[in-house]
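Open the model in your viewer and keep the selection tool ready.

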Amino acid sequence: MVVGAGLAGVRSVEALRAHGFGGAITLIGEEPHRPYDRPPLSKAVLLGEIDSTVVDSDLGALAVDHRPGVAAKGLRAGVLETTEGELAYDALVIATGASPIRLRGEGPQHVLRTIDDALGLRALLRQGRRVAVVGAGWIGAEVATAARRAGCEVTVVEAAECPLAAALGPVGAHTAPWYERAGIDLRTGAMVASVDLGGLTLVDGSTVEADVVVTGVGVRPSVDWLAGSGIELDDGVVTDEHLRTALPGVVAVGDCAAWWSRRYGRRLRVEHWDTALNSPEVAAATLLGGPGEGAVYDPVPYFWSEQFGHMVQYAGHHAGARLVMRGDPVGTRWSACWVTDGGTLAAVLAVNLPRDLMQGRRLIEGGQHLDVDRLADPAVALRDC
Ligand code: FAD
(Lines give C-alpha, C1' and ligand atoms only; values in the text may rest on other atoms or scores of the structure.)
Protein backbone atom coordinates (compact mmCIF):
# COMPACT_ATOMS: atom_id res chain seq x y z
CA MET A 1 0.00 0.00 0.00
CA VAL A 2 1.33 3.46 -0.93
CA VAL A 3 -0.33 6.54 0.59
CA GLY A 4 0.10 9.77 -1.38
CA ALA A 5 0.06 9.76 -5.18
CA GLY A 6 2.67 12.44 -5.87
CA LEU A 7 6.07 11.79 -7.39
CA ALA A 8 7.38 9.95 -4.33
CA GLY A 9 4.27 7.75 -4.30
CA VAL A 10 4.45 6.74 -7.94
CA ARG A 11 8.23 6.26 -7.73
CA SER A 12 7.61 3.94 -4.78
CA VAL A 13 5.30 1.80 -6.90
CA GLU A 14 7.92 1.71 -9.69
CA ALA A 15 10.69 0.82 -7.25
CA LEU A 16 8.67 -1.99 -5.64
CA ARG A 17 8.04 -3.51 -9.08
CA ALA A 18 11.68 -2.99 -10.13
CA HIS A 19 12.75 -4.90 -6.99
CA GLY A 20 10.58 -7.79 -8.16
CA PHE A 21 7.53 -7.37 -5.95
CA GLY A 22 4.68 -9.16 -7.73
CA GLY A 23 1.89 -8.74 -5.16
CA ALA A 24 -1.00 -6.28 -5.13
CA ILE A 25 -0.18 -2.56 -4.76
CA THR A 26 -2.79 0.08 -3.96
CA LEU A 27 -1.92 3.76 -4.46
CA ILE A 28 -4.13 6.08 -2.41
CA GLY A 29 -4.22 9.74 -3.44
CA GLU A 30 -6.26 12.61 -2.08
CA GLU A 31 -6.12 14.54 -5.34
CA PRO A 32 -8.50 13.59 -8.17
CA HIS A 33 -5.63 13.46 -10.68
CA ARG A 34 -3.10 11.01 -12.04
CA PRO A 35 0.31 11.55 -10.37
CA TYR A 36 2.01 14.68 -11.73
CA ASP A 37 5.20 16.67 -11.27
CA ARG A 38 5.15 19.88 -9.27
CA PRO A 39 8.30 21.83 -10.31
CA PRO A 40 6.81 22.90 -13.68
CA LEU A 41 3.72 24.31 -11.93
CA SER A 42 5.54 27.52 -10.97
CA LYS A 43 7.49 27.59 -14.24
CA ALA A 44 6.12 26.28 -17.58
CA VAL A 45 2.51 25.94 -16.37
CA LEU A 46 2.33 29.41 -14.85
CA LEU A 47 4.07 30.85 -17.90
CA GLY A 48 1.36 29.30 -20.09
CA GLU A 49 3.73 26.97 -21.93
CA ILE A 50 2.12 23.68 -20.85
CA ASP A 51 -1.13 22.59 -19.21
CA SER A 52 -0.24 19.14 -17.90
CA THR A 53 2.69 17.71 -15.98
CA VAL A 54 1.47 14.13 -15.56
CA VAL A 55 4.32 11.82 -14.59
CA ASP A 56 5.44 9.59 -17.44
CA SER A 57 4.62 6.33 -15.69
CA ASP A 58 2.41 3.56 -17.04
CA LEU A 59 0.14 2.77 -14.10
CA GLY A 60 -1.51 -0.02 -16.11
CA ALA A 61 1.78 -1.77 -16.79
CA LEU A 62 2.70 -1.36 -13.11
CA ALA A 63 -0.53 -3.17 -12.23
CA VAL A 64 -1.27 -0.69 -9.48
CA ASP A 65 -4.75 -0.05 -8.12
CA HIS A 66 -4.69 3.77 -8.14
CA ARG A 67 -7.49 5.30 -6.10
CA PRO A 68 -7.69 9.03 -6.81
CA GLY A 69 -9.81 11.22 -4.55
CA VAL A 70 -9.31 8.98 -1.52
CA ALA A 71 -7.63 10.39 1.59
CA ALA A 72 -5.98 8.49 4.42
CA LYS A 73 -7.48 9.46 7.78
CA GLY A 74 -5.67 7.23 10.25
CA LEU A 75 -3.35 4.31 10.71
CA ARG A 76 -3.00 1.41 13.09
CA ALA A 77 -0.88 -1.70 12.72
CA GLY A 78 -2.01 -3.45 9.52
CA VAL A 79 -4.98 -1.16 8.84
CA LEU A 80 -5.24 2.10 6.92
CA GLU A 81 -8.33 4.18 7.60
CA THR A 82 -9.47 6.15 4.55
CA THR A 83 -12.37 8.33 3.50
CA GLU A 84 -13.72 5.20 1.77
CA GLY A 85 -13.37 2.80 4.67
CA GLU A 86 -10.62 0.62 6.11
CA LEU A 87 -7.98 -1.14 4.03
CA ALA A 88 -5.69 -3.89 5.32
CA TYR A 89 -2.00 -3.73 4.41
CA ASP A 90 1.07 -5.94 4.81
CA ALA A 91 3.53 -3.11 4.15
CA LEU A 92 2.99 0.62 3.77
CA VAL A 93 4.81 3.57 2.16
CA ILE A 94 3.94 7.01 3.53
CA ALA A 95 4.32 9.58 0.73
CA THR A 96 1.83 12.30 1.66
CA GLY A 97 4.18 15.20 0.92
CA ALA A 98 3.56 18.66 2.31
CA SER A 99 0.94 21.41 2.24
CA PRO A 100 1.38 25.17 1.98
CA ILE A 101 1.13 27.42 5.01
CA ARG A 102 -1.58 30.08 4.75
CA LEU A 103 -1.64 33.48 6.39
CA ARG A 104 -4.27 34.95 8.65
CA GLY A 105 -7.02 37.13 7.22
CA GLU A 106 -10.34 37.10 5.44
CA GLY A 107 -9.09 38.20 2.04
CA PRO A 108 -8.63 35.72 -0.81
CA GLN A 109 -5.14 34.23 -0.94
CA HIS A 110 -3.71 31.82 -3.46
CA VAL A 111 -1.11 29.17 -2.73
CA LEU A 112 0.74 27.09 -5.31
CA ARG A 113 0.97 23.39 -4.62
CA THR A 114 -1.39 21.61 -7.00
CA ILE A 115 -2.10 21.68 -10.74
CA ASP A 116 -5.49 23.20 -9.89
CA ASP A 117 -3.74 25.98 -7.91
CA ALA A 118 -1.45 26.64 -10.88
CA LEU A 119 -4.15 26.76 -13.55
CA GLY A 120 -6.39 28.88 -11.30
CA LEU A 121 -3.61 31.36 -10.59
CA ARG A 122 -2.49 31.49 -14.22
CA ALA A 123 -5.95 32.65 -15.27
CA LEU A 124 -5.61 35.63 -12.93
CA LEU A 125 -2.19 36.79 -14.12
CA ARG A 126 -3.23 39.42 -16.66
CA GLN A 127 -1.65 42.63 -17.98
CA GLY A 128 -1.88 45.43 -15.41
CA ARG A 129 -3.22 43.32 -12.51
CA ARG A 130 -1.65 44.17 -9.17
CA VAL A 131 -0.17 41.01 -7.71
CA ALA A 132 1.24 40.82 -4.17
CA VAL A 133 3.47 37.84 -3.48
CA VAL A 134 4.17 37.08 0.17
CA GLY A 135 7.57 35.47 0.59
CA ALA A 136 10.71 35.87 -1.52
CA GLY A 137 11.64 32.20 -1.27
CA TRP A 138 11.90 29.73 -4.15
CA ILE A 139 8.19 29.65 -4.96
CA GLY A 140 7.70 33.40 -4.41
CA ALA A 141 10.53 34.22 -6.82
CA GLU A 142 9.17 31.91 -9.51
CA VAL A 143 5.61 33.24 -9.13
CA ALA A 144 6.92 36.80 -9.32
CA THR A 145 8.85 35.89 -12.48
CA ALA A 146 5.72 34.52 -14.15
CA ALA A 147 3.47 37.36 -12.97
CA ARG A 148 5.88 39.95 -14.32
CA ARG A 149 6.16 38.06 -17.61
CA ALA A 150 2.35 38.24 -17.85
CA GLY A 151 2.54 42.03 -17.47
CA CYS A 152 1.32 42.27 -13.88
CA GLU A 153 2.44 44.95 -11.43
CA VAL A 154 4.21 42.86 -8.82
CA THR A 155 5.06 43.59 -5.20
CA VAL A 156 6.96 40.98 -3.21
CA VAL A 157 6.78 41.26 0.57
CA GLU A 158 9.46 39.42 2.52
CA ALA A 159 9.86 39.33 6.30
CA ALA A 160 13.61 38.65 6.20
CA GLU A 161 16.26 41.15 5.22
CA CYS A 162 16.81 39.57 1.81
CA PRO A 163 15.29 37.01 -0.58
CA LEU A 164 16.02 33.33 0.04
CA ALA A 165 17.33 34.15 3.52
CA ALA A 166 16.02 30.94 5.07
CA ALA A 167 17.68 28.76 2.44
CA LEU A 168 20.88 30.68 1.68
CA GLY A 169 21.43 33.24 4.45
CA PRO A 170 23.12 36.47 3.32
CA VAL A 171 23.98 34.99 -0.10
CA GLY A 172 20.30 35.43 -0.94
CA ALA A 173 20.89 39.22 -0.98
CA HIS A 174 22.69 38.80 -4.31
CA THR A 175 19.35 37.94 -5.89
CA ALA A 176 17.63 41.17 -4.78
CA PRO A 177 18.82 43.12 -7.87
CA TRP A 178 17.09 40.52 -10.04
CA TYR A 179 13.76 41.72 -8.66
CA GLU A 180 14.63 45.34 -9.31
CA ARG A 181 15.74 44.63 -12.87
CA ALA A 182 12.48 42.76 -13.49
CA GLY A 183 10.55 45.86 -12.40
CA ILE A 184 9.31 44.29 -9.16
CA ASP A 185 8.76 46.23 -5.96
CA LEU A 186 10.63 44.07 -3.42
CA ARG A 187 9.95 45.00 0.19
CA THR A 188 12.24 43.17 2.59
CA GLY A 189 12.06 43.30 6.39
CA ALA A 190 8.28 43.63 5.98
CA MET A 191 6.02 41.31 7.93
CA VAL A 192 2.45 40.65 6.80
CA ALA A 193 -0.17 40.82 9.56
CA SER A 194 -3.14 39.69 7.48
CA VAL A 195 -4.52 39.15 4.02
CA ASP A 196 -7.56 41.36 3.63
CA LEU A 197 -10.06 42.22 0.94
CA GLY A 198 -8.06 44.37 -1.47
CA GLY A 199 -4.58 43.33 -0.38
CA LEU A 200 -2.24 43.00 2.57
CA THR A 201 -1.93 44.69 5.92
CA LEU A 202 1.60 44.72 7.31
CA VAL A 203 2.44 44.65 11.02
CA ASP A 204 3.58 48.30 10.86
CA GLY A 205 0.01 49.21 9.85
CA SER A 206 0.83 49.99 6.22
CA THR A 207 -1.02 48.28 3.38
CA VAL A 208 -0.19 46.80 -0.01
CA GLU A 209 -3.10 47.04 -2.43
CA ALA A 210 -3.48 44.05 -4.67
CA ASP A 211 -5.95 42.35 -6.99
CA VAL A 212 -4.29 38.97 -6.42
CA VAL A 213 -2.43 37.76 -3.32
CA VAL A 214 -0.15 34.74 -3.55
CA THR A 215 1.26 33.28 -0.35
CA GLY A 216 4.58 31.45 -0.66
CA VAL A 217 5.85 31.21 2.90
CA GLY A 218 6.66 27.54 3.10
CA VAL A 219 5.00 24.20 3.68
CA ARG A 220 4.30 21.78 6.49
CA PRO A 221 4.56 18.02 6.13
CA SER A 222 1.11 16.45 5.60
CA VAL A 223 1.23 14.06 8.51
CA ASP A 224 -1.70 15.05 10.76
CA TRP A 225 -3.51 11.89 9.69
CA LEU A 226 -0.80 9.85 11.47
CA ALA A 227 -1.49 11.30 14.93
CA GLY A 228 -1.96 8.50 17.45
CA SER A 229 -0.73 5.82 15.03
CA GLY A 230 2.48 5.02 16.91
CA ILE A 231 4.56 6.61 14.13
CA GLU A 232 6.99 9.14 15.56
CA LEU A 233 6.33 12.64 14.21
CA ASP A 234 8.78 15.51 14.54
CA ASP A 235 8.58 17.96 11.63
CA GLY A 236 7.60 15.03 9.41
CA VAL A 237 7.70 11.27 9.73
CA VAL A 238 10.77 10.29 11.70
CA THR A 239 12.72 7.47 10.03
CA ASP A 240 16.08 5.81 10.37
CA GLU A 241 18.68 5.85 7.59
CA HIS A 242 16.82 3.02 5.84
CA LEU A 243 13.61 5.16 5.82
CA ARG A 244 11.97 2.81 8.35
CA THR A 245 9.44 4.36 10.72
CA ALA A 246 8.64 3.28 14.27
CA LEU A 247 5.88 0.94 13.00
CA PRO A 248 7.05 -2.39 11.55
CA GLY A 249 6.59 -2.66 7.78
CA VAL A 250 6.04 1.09 7.35
CA VAL A 251 8.49 3.41 5.53
CA ALA A 252 8.32 7.10 4.55
CA VAL A 253 9.61 8.92 1.47
CA GLY A 254 9.70 12.35 -0.18
CA ASP A 255 8.70 15.69 1.35
CA CYS A 256 7.10 14.17 4.45
CA ALA A 257 10.10 12.04 5.52
CA ALA A 258 12.55 13.27 8.17
CA TRP A 259 15.31 10.72 7.76
CA TRP A 260 18.51 10.15 9.68
CA SER A 261 21.40 11.35 7.51
CA ARG A 262 24.56 9.34 8.07
CA ARG A 263 26.49 11.94 6.06
CA TYR A 264 25.45 14.93 8.17
CA GLY A 265 24.92 13.14 11.50
CA ARG A 266 21.47 14.67 11.94
CA ARG A 267 17.90 14.32 10.81
CA LEU A 268 17.07 15.95 7.46
CA ARG A 269 13.78 16.69 5.77
CA VAL A 270 14.33 18.03 2.26
CA GLU A 271 11.33 19.34 0.35
CA HIS A 272 12.79 18.92 -3.09
CA TRP A 273 12.14 16.91 -6.19
CA ASP A 274 15.37 14.88 -5.99
CA THR A 275 14.29 13.42 -2.64
CA ALA A 276 10.91 12.37 -4.04
CA LEU A 277 12.66 10.84 -7.04
CA ASN A 278 15.35 8.85 -5.25
CA SER A 279 14.26 8.03 -1.70
CA PRO A 280 11.66 5.44 -2.89
CA GLU A 281 14.44 3.22 -4.22
CA VAL A 282 15.83 2.76 -0.71
CA ALA A 283 12.37 2.52 0.87
CA ALA A 284 11.42 -0.32 -1.51
CA ALA A 285 14.67 -2.17 -0.74
CA THR A 286 14.01 -1.74 2.98
CA LEU A 287 10.48 -3.10 2.72
CA LEU A 288 11.32 -6.05 0.53
CA GLY A 289 14.61 -7.15 2.12
CA GLY A 290 16.55 -9.65 0.00
CA PRO A 291 19.58 -8.43 -2.00
CA GLY A 292 18.73 -4.75 -1.35
CA GLU A 293 18.54 -5.23 2.42
CA GLY A 294 20.50 -2.65 4.39
CA ALA A 295 20.30 0.06 1.69
CA VAL A 296 20.93 3.48 3.20
CA TYR A 297 19.42 6.77 1.99
CA ASP A 298 22.30 9.19 2.26
CA PRO A 299 22.20 11.70 -0.59
CA VAL A 300 23.85 15.06 -0.98
CA PRO A 301 20.61 17.08 -1.14
CA TYR A 302 20.06 18.84 -4.48
CA PHE A 303 17.55 21.27 -5.91
CA TRP A 304 17.16 23.91 -8.59
CA SER A 305 15.04 26.96 -9.25
CA GLU A 306 14.44 29.04 -12.37
CA GLN A 307 13.89 32.69 -11.55
CA PHE A 308 14.23 35.97 -13.47
CA GLY A 309 16.02 34.19 -16.30
CA HIS A 310 18.56 32.54 -13.97
CA MET A 311 19.11 28.84 -13.40
CA VAL A 312 19.89 28.53 -9.70
CA GLN A 313 21.16 25.16 -8.43
CA TYR A 314 22.22 24.09 -4.97
CA ALA A 315 23.77 20.91 -3.63
CA GLY A 316 24.78 20.01 -0.09
CA HIS A 317 23.93 21.31 3.35
CA HIS A 318 25.82 24.36 4.56
CA ALA A 319 24.83 24.80 8.23
CA GLY A 320 27.91 25.90 10.19
CA ALA A 321 30.18 26.07 7.11
CA ARG A 322 32.24 29.07 5.90
CA LEU A 323 31.19 30.95 2.77
CA VAL A 324 33.60 31.41 -0.15
CA MET A 325 32.33 33.37 -3.18
CA ARG A 326 33.44 32.40 -6.67
CA GLY A 327 32.99 35.16 -9.20
CA ASP A 328 31.17 38.48 -9.01
CA PRO A 329 27.52 38.13 -7.99
CA VAL A 330 26.76 41.33 -9.87
CA GLY A 331 27.39 39.31 -13.02
CA THR A 332 25.13 36.65 -14.48
CA ARG A 333 27.35 33.61 -13.77
CA TRP A 334 28.73 33.02 -10.30
CA SER A 335 28.74 30.51 -7.54
CA ALA A 336 29.07 30.33 -3.78
CA CYS A 337 30.77 27.54 -1.88
CA TRP A 338 30.57 26.64 1.77
CA VAL A 339 33.61 24.95 3.30
CA THR A 340 33.69 22.92 6.50
CA ASP A 341 36.19 23.46 9.33
CA GLY A 342 37.91 20.34 8.05
CA GLY A 343 38.48 21.99 4.64
CA THR A 344 35.99 19.94 2.62
CA LEU A 345 33.13 21.26 0.52
CA ALA A 346 29.81 21.35 2.41
CA ALA A 347 27.61 22.97 -0.22
CA VAL A 348 27.63 24.80 -3.53
CA LEU A 349 25.20 27.30 -5.03
CA ALA A 350 25.60 27.81 -8.76
CA VAL A 351 23.94 30.60 -10.74
CA ASN A 352 23.91 29.82 -14.47
CA LEU A 353 26.96 27.59 -13.87
CA PRO A 354 25.84 23.95 -14.12
CA ARG A 355 29.49 22.89 -14.36
CA ASP A 356 30.24 24.24 -10.86
CA LEU A 357 27.15 22.48 -9.56
CA MET A 358 28.14 19.16 -11.10
CA GLN A 359 31.76 19.29 -10.01
CA GLY A 360 30.83 20.65 -6.58
CA ARG A 361 28.34 17.87 -6.02
CA ARG A 362 31.05 15.30 -6.76
CA LEU A 363 33.48 17.03 -4.40
CA ILE A 364 30.88 16.99 -1.62
CA GLU A 365 30.20 13.31 -2.22
CA GLY A 366 33.92 12.49 -2.33
CA GLY A 367 34.83 14.60 0.73
CA GLN A 368 38.18 15.74 -0.76
CA HIS A 369 40.25 18.38 1.03
CA LEU A 370 40.19 21.74 -0.84
CA ASP A 371 42.62 24.60 -1.42
CA VAL A 372 40.40 27.52 -0.40
CA ASP A 373 42.52 30.13 -2.24
CA ARG A 374 42.02 28.27 -5.50
CA LEU A 375 38.35 27.80 -4.68
CA ALA A 376 37.87 31.57 -4.53
CA ASP A 377 39.30 31.93 -8.04
CA PRO A 378 36.49 31.33 -10.58
CA ALA A 379 39.11 30.76 -13.29
CA VAL A 380 40.13 27.51 -11.55
CA ALA A 381 37.72 24.63 -12.21
CA LEU A 382 36.13 23.40 -8.99
CA ARG A 383 37.38 19.89 -9.55
CA ASP A 384 40.98 21.24 -9.56
CA CYS A 385 40.68 23.04 -6.22
P1 FAD B 1 3.78 15.72 -2.97
O2 FAD B 1 4.20 16.10 -4.34
O3 FAD B 1 3.26 16.77 -2.07
O4 FAD B 1 2.71 14.55 -3.10
C5 FAD B 1 2.00 14.08 -1.99
C6 FAD B 1 0.62 13.65 -2.41
O7 FAD B 1 -0.02 13.06 -1.31
C8 FAD B 1 -0.25 14.82 -2.84
O9 FAD B 1 -0.87 14.53 -4.06
C10 FAD B 1 -1.27 14.94 -1.72
O11 FAD B 1 -2.54 15.39 -2.14
C12 FAD B 1 -1.35 13.51 -1.23
N13 FAD B 1 -1.83 13.42 0.14
C14 FAD B 1 -1.55 14.24 1.20
N15 FAD B 1 -2.20 13.81 2.30
C16 FAD B 1 -2.88 12.71 1.94
C17 FAD B 1 -3.71 11.81 2.65
N18 FAD B 1 -3.98 11.96 3.96
N19 FAD B 1 -4.26 10.77 1.97
C20 FAD B 1 -4.00 10.59 0.64
N21 FAD B 1 -3.21 11.41 -0.07
C22 FAD B 1 -2.66 12.45 0.57
N23 FAD B 1 11.74 21.01 -6.11
C24 FAD B 1 12.95 21.19 -6.75
O25 FAD B 1 13.91 20.49 -6.43
N26 FAD B 1 13.08 22.13 -7.73
C27 FAD B 1 12.05 22.93 -8.13
O28 FAD B 1 12.23 23.75 -9.02
C29 FAD B 1 10.80 22.75 -7.48
N30 FAD B 1 9.74 23.53 -7.84
C31 FAD B 1 8.55 23.36 -7.21
C32 FAD B 1 7.48 24.15 -7.58
C33 FAD B 1 6.25 24.01 -6.94
C34 FAD B 1 5.11 24.88 -7.36
C35 FAD B 1 6.09 23.07 -5.90
C36 FAD B 1 4.77 22.95 -5.20
C37 FAD B 1 7.15 22.27 -5.52
C38 FAD B 1 8.39 22.41 -6.18
N39 FAD B 1 9.48 21.61 -5.83
C40 FAD B 1 10.69 21.78 -6.46
C41 FAD B 1 9.37 20.61 -4.75
C42 FAD B 1 8.96 19.25 -5.29
O43 FAD B 1 7.96 19.36 -6.23
C44 FAD B 1 8.53 18.39 -4.12
O45 FAD B 1 9.66 18.17 -3.33
C46 FAD B 1 7.90 17.08 -4.55
O47 FAD B 1 6.71 17.31 -5.25
C48 FAD B 1 7.62 16.20 -3.34
O49 FAD B 1 6.98 15.03 -3.78
P50 FAD B 1 6.16 14.12 -2.77
O51 FAD B 1 5.59 13.03 -3.62
O52 FAD B 1 6.99 13.78 -1.59
O53 FAD B 1 4.99 15.04 -2.20
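Is Asp-356 buried or exposed? Asp-356 counts as buried, at 3% relative accessibility. Buried means under 20% relative accessible area, exposed over 50%, and partly exposed in between, with a 1.4 Å probe and protein chains only.

Before going on, note the ground rules. This is a predicted model, where local features need pLDDT of at least 70 and side-chain atom pairs count only at pLDDT 80 or more, while totals for chains, interfaces and linings use all residues. Residues are numbered from 1 along each chain as its sequence is written, and side-chain values use heavy atoms, leaving out hydrogens and water.

**Stop 1: Asp-356 and Arg-326**

Select both side chains. Asp-356 forms a salt bridge with Arg-326, and the closest N and O atoms are 3.1 Å apart. The pair links distant parts of the chain: Asp-356 sits in helix α7 (residues 354–366), Arg-326 in strand β23 (residues 322–326), 30 residues apart. A salt bridge here is a side-chain nitrogen of Lys or Arg within 4 Å of a carboxyl oxygen of Asp or Glu. Helices (H or I, at least four residues) and strands (E, at least two) are DSSP runs, numbered from the N terminus. Arg-326 is buried too, with a relative accessible area of 2%.

**Stop 2: Ser-335**

Ser-335 lies in strand β24 (residues 334–339). Its relative accessible area is 0%, so Ser-335 is buried.

Now show what surrounds Ser-335. Leaving aside residues up to four places away in sequence, Ser-335 touches Met-325, Arg-326, Leu-349, Ala-350, Leu-353 and Asp-356. Contact means heavy atoms within 4.5 Å.

**Stop 3: Asp-211 and Arg-130**

Move to Asp-211 and Arg-130. Their side chains meet in a salt bridge at 2.8 Å, N to O. Asp-211 is in the loop between β14 (207–209) and β15 (212–215), and Arg-130 is in strand β9 (residues 130–134), 81 residues apart. Asp-211 is partly exposed at 43%. Arg-130 is partly exposed at 29%.

**Stop 4: Glu-31 and Arg-38**

Select this pair next. The salt bridge between their side chains spans 2.9 Å, N to O. Glu-31 is partly exposed at 24%, and Arg-38 is partly exposed at 23%.

**Last stop: a network**

Finish with Arg-76, Glu-81 and Glu-86, which are linked in a network of salt bridges. The structure holds 17 salt bridges.
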